[in-house]
Amino acid sequence: MSSVTTPDSQTRPRIVIAGAGPAAQALVRQLTRTPFAGGITVLSNRDDAPAELLELAALPQVSLRFGQPVSYIDPDGQRVTTADGLEFTYDQLVIATGSSPAGAPLEGAGRCLSYSTIDDANGLGEAVKDVTRVLGRRPLGILVGTGTAAGQAEAVLRARGVRPVRTTLRPAAVVPNLAGSMLPAAGVIFEDGSSMNGDLVVLAEERIARDALSVSAGLKTAPRGGIVIGEDFRTSVPGIWAIGDAAVFDGVRLGLLVAAASAASVCASQLLRATLSEPLADAA
């Protein structure tokens, strides 16, 4: 395996972030706004380079590796190994691998609005505003999902004037609207041929935290999945933190409890304290 180091890697504190989604991006922005003098390595599972990641990669403190998801964590040696065999050492490691849908993709899901974290509330609200303006009346919404995410989505829809009709039975497909309409979904159809019609369809289905890295690191996980964290975002293993939908606090996915920017602000503060206290602890 090849090891990746920098000339001053022995003196500069190193934060490695496994994942490059919204939570990871928010954390990098917070860290680079502070007096943090170390290096930040972001290991992304994405091969493409969207604009928001290229902006982060341009920051002098940040090294962003595309297509290099972390596959193994050695907490004793404080190093991670990527799927291609590259090794990166760290002083602090943050897992931000997010979550994935619990079920198979729904046919026509691209025509729907979606809700999976609190950060989706603003986007959902703006989309509803556009639909309301086009219709000239209160929209009728079909809400698909169970659990906390669906409950939050329903509250957002009601607050924006939508009449939500909620189904806990998963549909077989989404019914498309007429060609040329800005309202892409007209309803859903079920396996038995029955259907529900509306002006918009919102998917707020169950998601599963991507916590596979917890196995190699020996991290404590929740019974229903997700890396268990405390209020300070620390996991059960020293030097390893978790943020975003990979993390679970009090049995709930973090993305359903706090916005990514707010979580990143607190986590960044805690990481700074940890990196600043390390030299003092070594000298004691």
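Biologist: What makes glutamate 87 and arginine 79 a salt bridge?

Modeller: In this predicted model, the side chains of glutamate 87 and arginine 79 come to 3.3 Å, N to O. The cut-off is 4 Å between a side-chain nitrogen of Lys or Arg and a carboxyl oxygen of Asp or Glu, so the pair counts as a salt bridge.

Biologist: Why is glutamate 87 called buried, and why is arginine 79 called partly exposed?

Modeller: Glutamate 87 has a relative accessible area of 15%, and buried means under 20%, so the term applies. Arginine 79 has 26%, which lies between the limits of 20% and 50%, and is therefore partly exposed.

Biologist: How many salt bridges does a search of the whole structure find?

Modeller: The search finds twelve. One of them joins arginine 137 to aspartate 199, with the closest N and O atoms 2.8 Å apart.

Biologist: Why is the pair of arginine 137 and aspartate 199 said to tie together parts that are apart in sequence?

Modeller: Arginine 137 lies in the loop between helix 3 and strand 11, and aspartate 199 in the loop between strand 15 and strand 16, so the pair ties together parts that are 62 residues apart in sequence. Aspartate 199 is buried, at 12% relative accessible area, while arginine 137 is partly exposed, at 39%.

Biologist: How do you know that glutamate 154 and arginine 158 are separated by about one helical turn?

Modeller: Both residues are in helix 4 and they are four residues apart, which means a separation of about one turn. An α-helix has 3.6 residues a turn, so residues three or four places apart point the same way. The side chains of glutamate 154 and arginine 158 meet in a salt bridge of 3.1 Å, N to O. Glu154, Arg158 and Arg166 are linked in a network of salt bridges.

Biologist: Why are helix 3 and helix 4 called oblique to each other?

Modeller: They pack at an angle of about 40 degrees, with their axes 10 Å apart. Roughly parallel needs an angle under 35 degrees and roughly perpendicular starts at 65, so helix 3 and helix 4 are oblique. Helix 3 passes helix 4 in a right-handed crossing.

Biologist: Which residues of helix 3 and helix 4 meet?

Modeller: Ala121, Leu124 and Val128 in helix 3 meet Ala153, Val156 and Leu157 in helix 4. The residues of this contact divide into six nonpolar, no polar and no charged.

Biologist: What makes helix 1 mostly covered?

Modeller: Helix 1 spans residues 22-32, and eight of its eleven residues are buried. Among them are Ala23, Gln25, Leu27 and Leu31.

Biologist: Why is aspartate 250 called exposed?

Modeller: Aspartate 250 has a relative accessible area of 71%, and exposed means over 50%, so aspartate 250 is exposed. Aspartate 250 lies in the loop between strand 20 and strand 21. Phi of aspartate 250 is near 55 degrees, a positive value in a residue other than glycine.

Notes. Residues numbered from 1 in each chain as written. Predicted model: local features only at pLDDT ≥ 70, side-chain atom pairs only at ≥ 80, totals over all residues. Heavy atoms only, no water. Axes fitted to C-alpha atoms, helices over the stretch in contact; angles between N-to-C directions. Helix = DSSP H or I, 4+ residues; strand = E, 2+ residues; numbered from the N terminus. Parallel < 35°, antiparallel > 145°, perpendicular 65-115°, else oblique. Left-handed = near helix turned anticlockwise from the far one by under 90°. Contact = heavy atoms within 4.5 Å. Nonpolar A, V, L, I, M, F, W, Y, C, P; charged D, E, K, R; others polar. Buried < 20%, exposed > 50% of the residue type's maximum accessible area, 1.4 Å probe, protein only.
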